[in-house]
Amino acid sequence: QAQLEESGGGLVQAGGSLRLSCVASGSSFRISDMGWARQAPGNQREMVAAITSAGSTNYADSVKGRFTISRDNAKNTVYLQMNSLKPEDTAVYYCNADLAFYSGGPYYGYWGQGTQVTVSS
C-alpha cells in the first residue's frame, strides 16, 4: 500500500505565489505519471497539470504560463509552483500518482487528501 500527502496550501493575495508538494510513501513501488487536480465548491474536479516519469508535462489552459509542475524521482515527490495566482484558482488541490508494486505489474491510481488554496482579491 501507499499514500500521497500534500503540503504547501494556504491563503495568498491575488498575484502571489505558492508551492505545493506531494510525497508518495509506503510499500516499495514504481511511479509512472504524477499530477495535480483541483476542485472548487460546486465544481467538478479538474486536471491542472501532469508530468510523466520522463518529465513530459501537460497543463490545463487556465494555468498555462503561470503554474509549473516538476518532480524529484529520488524523493518520490511532485511539486506545483503556482505564480500570478487569481481568485478563481481558489480550490482544494489534490495530487495523484500511478503506482505499481512489482516489476511488470499494473499501475493503480492514488490520490492525496487535498490541500486548500485560497486566493483573496
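A residue is called buried when its relative accessible area is under 20%, exposed when that area is over 50%, and partly exposed in between, as judged with a 1.4 Å probe and protein chains only. The legends below apply this scale to a predicted model, in which local features need a pLDDT of at least 70, side-chain atom pairs count only at pLDDT 80 or more, and totals for chains, interfaces and linings use all residues. Residues are numbered from 1 along each chain as its sequence is written, and side-chain values use heavy atoms, with hydrogens and water left out.

Figure 1. Helices (H or I, at least four residues) and strands (E, at least two) are DSSP runs, numbered from the N terminus. Read along the sequence, the pattern is β-β-β-β-β-β-β-β-β-β-β. The C-alpha trace spans about 50 × 25 × 25 Å along its principal axes. The radius of gyration is taken over C-alpha atoms, and the globule rule is 2.2 Å times the number of residues to the power 0.38. For 121 residues a compact globule would have a value near 14 Å, and the protein, at 14 Å, agrees with this. Of the 121 residues, 40% count as buried. A contact means heavy atoms within 4.5 Å. Among contacts with a separation of 6 or more, 56% come from residues 24 or more positions apart. The protein exposes about 6,500 Å², of which carbon and sulfur atoms supply 44%; accessible areas come from the Shrake-Rupley method with a 1.4 Å probe, and for residues only the protein chains shown count as cover.

**Figure 2. Arg 66 is shown in the loop between strand E6 (57-59) and strand E7 (67-72).** With a relative accessible area of 10%, Arg 66 is buried. Its contacts, leaving aside neighbours within four places in sequence, are Gln 81, Met 82, Asn 83, Ser 84, Leu 85, Lys 86 and Asp 89.

Figure 3. Two strands pair if DSSP finds at least two bridges between them. Strand E3 (residues 18-26) pairs with E8 in the antiparallel sense over 6 bridges, and in this pairing Leu 20 has Leu 80 of E8 as its bridge partner. Strands E7 and E8 also run antiparallel and are joined by 6 bridges. Val 78 in E8 stands opposite Arg 71. The hairpin of E7 and E8 has 4 residues between the strands, and Asn 76 takes a positive phi near 50 degrees there.

**Figure 4. Gln 13 is shown in strand E2 (residues 10-13).** Gln 13 is exposed, with a relative accessible area of 61%. Leaving aside neighbours within four places in sequence, Gln 13 is in contact with Val 119 and Ser 120. Gln 13 and Ser 84 lie 71 residues apart in sequence, yet their C-alpha atoms are 9.5 Å apart in space.

**Figure 5. The disulfide between Cys 22 and Cys 95 is shown, with an S to S distance of 1.9 Å.** This pair links distant parts of the chain, since Cys 22 is in strand E3 and Cys 95 is in strand E9 (residues 91-100), 73 residues apart. A disulfide is a pair of cysteine sulfur atoms within 2.5 Å, and the structure holds 1. Cys 22 counts as buried at 1% relative accessibility, and Cys 95 counts as buried at 0%.

**Figure 6. Phe 29, Phe 101 and Tyr 110 are shown as a cluster linked by ring pairs.** Rings of Phe, Tyr and Trp (its six-membered ring) pair if their centres lie within 6.5 Å; planes under 30 degrees apart count as stacked, over 60 as edge-to-face and the rest as tilted. The structure holds 2 aromatic pairs. Phe 29 and Phe 101 form an edge-to-face pair, 6.3 Å centre to centre with 85 degrees between the planes. This pair links distant parts of the chain: Phe 29 is in the loop between E3 and strand E4 (30-39), and Phe 101 is in the loop between E9 and strand E10 (108-111), 72 residues apart. The ring centres of Phe 101 and Tyr 110 are 6.0 Å apart and the planes are at 65 degrees, so this pair is edge-to-face. Phe 29 is buried at a relative accessible area of 15%, Tyr 110 is buried at 16%, and Phe 101 is partly exposed at 27%.
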